[in-house]
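Please look over the model below before reading on. The points that follow cover its sheet and the helices packed on it.

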Amino acid sequence: MDAKHTLRSQLRRQAKLLLAEDFSLEDALSCTALLHCRRYRQAAWLFAYAPMASEVNITELLQHAITHKHLALPVSTENGDLVFYAVESLDELTAGRYGILEPLKNRMVEPSGKDILLVPALAYSRIGERLGRGKGYYDRYLASHPEVFSIGVCRSCQLLESIPTEPWDRSVDAVVCAGNFY
């Protein structure tokens with residue numbers, strides 16, 4: 001557990017230092033790759049996240065899903081779970097727990113095997129290992145929804161050779177970084 005804690009601290013410091021960097025090209029490449037991937041084209045719903053400054057800006061993809069598919073974004077509950085709600089407009093998002101933009105809690109939705117889930121993290125490996133923010137929200141969600149195809153989204157500075165894992169950590173099915181799938 002110490003290795004994960006140390007790595008998480010290093011990545012948080014790195015993220016603060018990189019806030020002034022321009023990742024718009026990398027982010028755009030990843031959005032384009034996701035828009036053109038077969039899994040996304042065939043999905044009815046996109047389960048995603050509202051990006052924070054240190055995460056890949058997938059706003060273009062969120063807008064596309066609202067217009068051409070269905071979009072669901074998460075809300076973290078006090079008991080440590082993620083619940084996804086349908087989103088009709090990004091204008092309806094408001095800051096929730098931890099300052100993360102959240103949808104209105106009007107219509108809760110669950111993914112099916114035809115949908116995809118984009119998962120944010122502090123870092124990923126090419127084989128789908130992920131280092132989250134330490135609360136286990138996505139580990140629990142992935143464990144309870146194994147039928148949904150999950151894609152980790154990261155920037156090149158967040159793609160590591162390996163990530164220390166524990167038995168309860170859940171990997172994603174694929175990773176997209178700077179427009180490349182792993």
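1. Strand β7 (residues 116-119) and strand β10 (residues 149-154) pair in the parallel sense over four bridges. Two strands are taken to pair if DSSP finds at least two bridges between them. Helices (H or I, at least four residues) and strands (E, at least two) are DSSP runs, numbered from the N terminus. The bridge partner of leucine 118 in β10 is isoleucine 151, and that of valine 119 is glycine 152.

2. This is a predicted model, in which local features need pLDDT of at least 70 and side-chain atom pairs count only at pLDDT 80 or more, while totals for chains, interfaces and linings use all residues. Residues are numbered from 1 along each chain as its sequence is written, and side-chain values use heavy atoms, with hydrogens and water left out.

3. β7 also pairs with β1 in the parallel sense, over two bridges. Here leucine 46 has isoleucine 116 of β7 as its bridge partner.

4. Which way do the residues of β7 point? Ile116 and Leu118 point one way, Leu117 and Val119 the other, and all are buried (under 20% relative accessible area, with exposed over 50% and partly exposed in between; 1.4 Å probe, protein chains only).

5. The open sheet has eight strands in the order β6-β3-β2-β1-β7-β10-β12-β13, with mixed pairing. Its edge strands, β6 (108-109) and β13 (180-181), each pair on one side only.

6. Helix α2 (residues 24-36) lies across β7, β10, β12 (174-177) and β13, at about 140° to β12. Axes are lines fitted to C-alpha atoms, for helices over the stretch in contact (heavy atoms within 4.5 Å), and angles run from 0 to 180 degrees between N-to-C directions.
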